Each structure stands twice: as structure tokens, then as C-alpha cells.
Amino acid sequence: MNIQAPLPLDQTTRPLAGRVSLVSGSTSGIGLGIARALAAAGSAVVLNGFGKPEDIAETQARIGSEFGVRVRYSGADMSKPTPIAEMIAMALDAFGRLDILVNNAGIQHVAPLEQFPVEKWDAVLAINLSSAFHTTRLALPAMRKNNFGRIINIASAHGLVASPFKAAYVAAKHGMIGLTKVTALEAAEANITCNAICPGYVYTPLVEAQIEGQAKAHGIPREQVIRDVLLSQQPNKRFATVEELGALSAFLASDAAASITGAALPVDGGWTAH
Ligand code: NAD
């Protein structure tokens, strides 16, 4: 009989102990949920995103004390290549390695194509897509050096299917899935995986802004916006949670997910099964 030795405690309770993660757009919503889940699994974390300095300092301190990991913060504007390069350099300087990169920062703008403001198109493409190109190209050398890496791109159900009035967002998210596949192919032999997570609607400040906007535009109560507008395509009629996305990210970052790469994983309550 082959009796396997039990895993050391840290590998079962803190599977990401010793790892270093960077999560763009992690001062709020999904990014914050993912940063918390990676920290809970034992990873040191670099936070990024906008917000009030005192709120960010509190988030940084809370994650550090709650999970006993080191936490740094970069205020890099993800629409700009130079601050992105400075953020990656800071992470490598602080921790000497970068194992897990989560490209999550994103914005939305809703308008018909003919009236879509050109500067909004440029901003959505820069923040939701080009930023992931920059972080990935800059993080790969450090990952290759350690023969380990996990890149997780937060795309969207809108990376798989379209909705009207979201030209820039849908184009950027489809592009994100293409970038995911290319990264997966180029890095596969170095034990670096790259996957896209494609959430349906998740309740976050980004979605709260859409609920308010649609309620005003259609003159209907917010409950009706949630059920009949936002969740009309989501068969399970509930928002996904940031905790669910955190748990999936922690799994994709773990050794157990070593053979999952180049995938676009829907977390959408069945939306894209239509
Ligand atoms: P959110 O607005 O709650 O958080 C966005 C984060 O990105 C914040 O931390 C914000 O400060 C940061 N950010 C925005 N612009 C930035 C910039 N220029 N530089 C640096 N940071 C910047 O949004 P969320 O709902 O948590 O969305 C996170 C990601 O998930 C986005 O890519 C979004 O497209 C994607 N997504 C969200 C949903 C949803 O239903 N909420 C669904 C599918 C995909």
C-alpha cells in the first residue's frame, strides 16, 4: 500500500506562502477581493489603484495584520506606461521577485458608437487592455528567472459576447482574451500560466454606477434595473461575489492549476451558455 506523507501545514492552509502578488486596481471591488484572497493564502501583495490616501493606508494595514503578510502600495496610473514600469520595478525592489500578476484595473463607459467620446475610447483601451500588455511584458523576465509565474487577466463575459453601447469595453475585453492566449503560448515552457477570468455582473462600485445611471435613464426603480436590465442575461439572477473571484484566482495561482493555461473561464451564472 502506498501511504502518502501529509503535506506540511503551510502548503495546505497557506498554499501561496513565499509568493509575491501584484493586483492592479485593488483599492476597490474585485481587485480588492482578489488581493485579500491571495493574502489569505499567504502571498505578499502589492496593491494598486486610486482612492483617498487614508482609506488606502487602512486597507494596506488591515490586509497586513489580518493575514500576516507584507503589503505594499503603488498609486501608478494604469493608463500610463512609465508609472506602470515604476510600479513593477518597485515590487521587484521591495520583494526581489514577482510570482502572481493579476491584471484587474478597469473602467467602463456606455454610449452609442456614433456618439462614443474618442477620449473615452482611448482611456478604456489604455486601462482595460494596454496596461495588461505593459505589466505582462515587464513581469515576465522576473517570472522566467524563477521558472514560475501565474498571470490572471480579469476580462469579462463581455470578452466572450457583446452588448450594445459598450464598444470600447467589449473591444478591450475581447482583446484581453487574445492577449491571454498569446501570453500562455509564449510562456508555457517556463512554468508560467496565463488565464482570463470572465465575470458576469459582480456587485461592486463599477456596477453601482451603472445601476444608478440606468435607473435615471429609464425612470425605473433600481430593483427593476438589477433584475430586468443588468441580470437579464444572467440565468441564475444573482450577482457573482468578489469572494468567489478571489477563491478562483487563488486556485489559478496555486501549484494545483499548473496545467490550466490559455483559458477564458466564465464566472457568469450561465450568461455565456446561451
Ligand atoms: P471598481 O470600480 O470597483 O474597481 C476598479 C479598480 O481599478 C479601483 O481600484 C480603481 O481605483 C482602479 N482603477 C481605475 N482606473 C485606474 C487607473 N487608471 N489606474 C490604476 N487603477 C485604476 O471595478 P470592479 O467592478 O471591481 O472591476 C474590476 C475589473 O473587473 C475591471 O477590469 C472590470 O472590467 C472587471 N469586471 C467587472 C464586472 C462587474 O460586474 N463588476 C464584471 C466583469 C468584469
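This is a predicted model: local features need pLDDT of at least 70, side-chain atom pairs count only at pLDDT 80 or more; totals for chains, interfaces and linings use all residues.
A salt bridge is a side-chain nitrogen of Lys or Arg within 4 Å of a carboxyl oxygen of Asp or Glu. Glutamate 244 forms a salt bridge with arginine 238, and their closest N and O atoms are 2.7 Å apart.

To see where this pair sits, look at how the protein is divided. Domain 1 covers 15-201 + 240-273, while domain 2 covers 203-239. Between the two domains the count is 1 salt bridge. On the side of domain 1 that touches domain 2, the elements giving two or more residues are α2 (29-40) and α9 (242-253). The residues of that side divide into 6 nonpolar, 8 polar and 3 charged.

Now step back to the boundary as a whole. The C-alpha centres of the two domains lie 24 Å apart, and 17 residues of domain 1 are in contact with 14 residues of domain 2. About 1,200 Å² of area is buried between domain 1 and domain 2, with carbon and sulfur atoms giving 58% of it. There are also 4 residue pairs in polar contact between the domains, counting pairs with both residues at pLDDT 80 or more.

You will find aspartate 99 in the loop between α4 (81-95) and β4 (100-103). Its relative accessible area is 0%, so aspartate 99 is buried. The side chain of aspartate 99 makes a polar contact with the side chain of arginine 97, at 2.8 Å. Leaving aside residues up to four places away in sequence, aspartate 99 touches several others, including Gly18, Arg19, Val20, Met143 and Phe148.

Methods:
Residues are numbered from 1 along each chain as its sequence is written. Side-chain values use heavy atoms; hydrogens and water are left out. Domain bounds come from an automatic or database domain assignment. Contact means heavy atoms within 4.5 Å. Buried area is the accessible area (1.4 Å probe) that two parts lose on being put together, summed over both. A polar contact is a pair of N or O atoms within 3.5 Å; within protein, one must be able to donate a hydrogen and the other to accept it, and residues adjacent in sequence count only if both atoms are side-chain atoms. Helices (H or I, at least four residues) and strands (E, at least two) are DSSP runs, numbered from the N terminus. Ala, Val, Leu, Ile, Met, Phe, Trp, Tyr, Cys and Pro count as nonpolar, Asp, Glu, Lys and Arg as charged, and the others, Gly among them, as polar. Buried means under 20% relative accessible area, exposed over 50%, partly exposed in between (1.4 Å probe, protein chains only).
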